[in-house]
Amino acid sequence: MRIRLVATTAVAAGALTALSAVPAQAAEYDSALKIRGIQYDAPGSDSNRCSGGNTAEEYLTIKNYSRSTTVNLKGYVVKDAAGNKFTFTASHSLQPGDYVKLRGGNGADSDANNVVYRDNCNFMWNNDKDTIYVYKPSGSRADVHSYTASGSDADRNGYITFHG
C-alpha cells in the first residue's frame, strides 16, 4: 500500500511539473481573433524617430479566423510581457478571414488597407524575445504567443507566423 501511494504521488508530481512547463502559447483560446504573425524586428537599424524612423516596419498581424462572424476591434487590447499596450479605441471591423496590421509609428488608419497605427514611435516588440497578449473588450484573453529570435525565427528575417 505504501509503495503504491509513493508511486502515485510521484506520478502526480510529474504530471504537475509537465503541466507547469507548458509554454504560454500552448493554450488555445476560444476566440475568432488570433495572432497570425509578427514582424518583431523591423528591417534595417532600429530607429524610433517619428520622422525617418522605421517603427512602422514593425507590426503585428491579427486575423479573424471565423467563417461567419464579423469582429469589431474596438476595445481589444494588445500587450507585451513588459506591459506596453495598445487599445483599439476606434471601430475597425474585420470580416471573416480579414486581418489588420497593427503598426508602430504614425499614419492614417485604414479599413481598406487593413492597417491601424499605434501613434507611438517607440518599438513595442523586443528583438530577442517577447510575449504577445491579445485581450477581448471583456478582459478575457483572445490569444497569446511567446517567441525568441533564436528559437522561433528559423530564417532569421524578423518575422514569425503563429496561425497560418
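**Entry 1: the pocket.** I opened this predicted model at the lining of its largest pocket, where β5 (85-87) and β8 (115-117) each supply at least two residues. I then looked up the volume, and about 160 Å³ of space lies in that pocket. There are 13 lining residues, and I noted those closest to the centre: Phe88, Thr89, Ala90, Asp109 and Val116. By kind, the lining splits into five nonpolar, four polar and four charged residues.

**Entry 2: the core.** Next I went to the largest nonpolar core, which has 24 residues. Ile38, Leu60, Tyr76, Val78, Phe88, Trp125 and Ile132 have the most contacts inside this core. I checked which elements give two or more residues to the core and found β1 (33-39), β2, β7 (99-103), β9 (129-135) and β10 (141-148). β1 gives the most, with three residues.

Then I turned to Thr61, which sits in strand β2 (residues 59-64). Is Thr61 buried or exposed? Thr61 counts as buried because its relative accessible area is 4%, where the cut-off is under 20%. With neighbours within four places set aside, I found Thr61 in contact with Lys34, Ile35, Arg36, Gly37, Tyr99, Val100, Lys101 and Tyr159.

Key:
Residues numbered from 1 in each chain as written. Predicted model: local features only at pLDDT ≥ 70, side-chain atom pairs only at ≥ 80, totals over all residues. Heavy atoms only, no water. Helix = DSSP H or I, 4+ residues; strand = E, 2+ residues; numbered from the N terminus. Buried < 20%, exposed > 50% of the residue type's maximum accessible area, 1.4 Å probe, protein only. Contact = heavy atoms within 4.5 Å. 1 Å grid on protein atoms, 1.4 Å probe; cavity = no way out; pocket = protein on both sides within 12 Å on 5 of 7 lines; lining within 4 Å. Points joined across faces, edges and corners; volume = space filled by probe spheres on them. Nonpolar A, V, L, I, M, F, W, Y, C, P; charged D, E, K, R; others polar. Core = buried A, V, L, I, M, F, W, Y, C linked by side-chain atoms within 4.5 Å.
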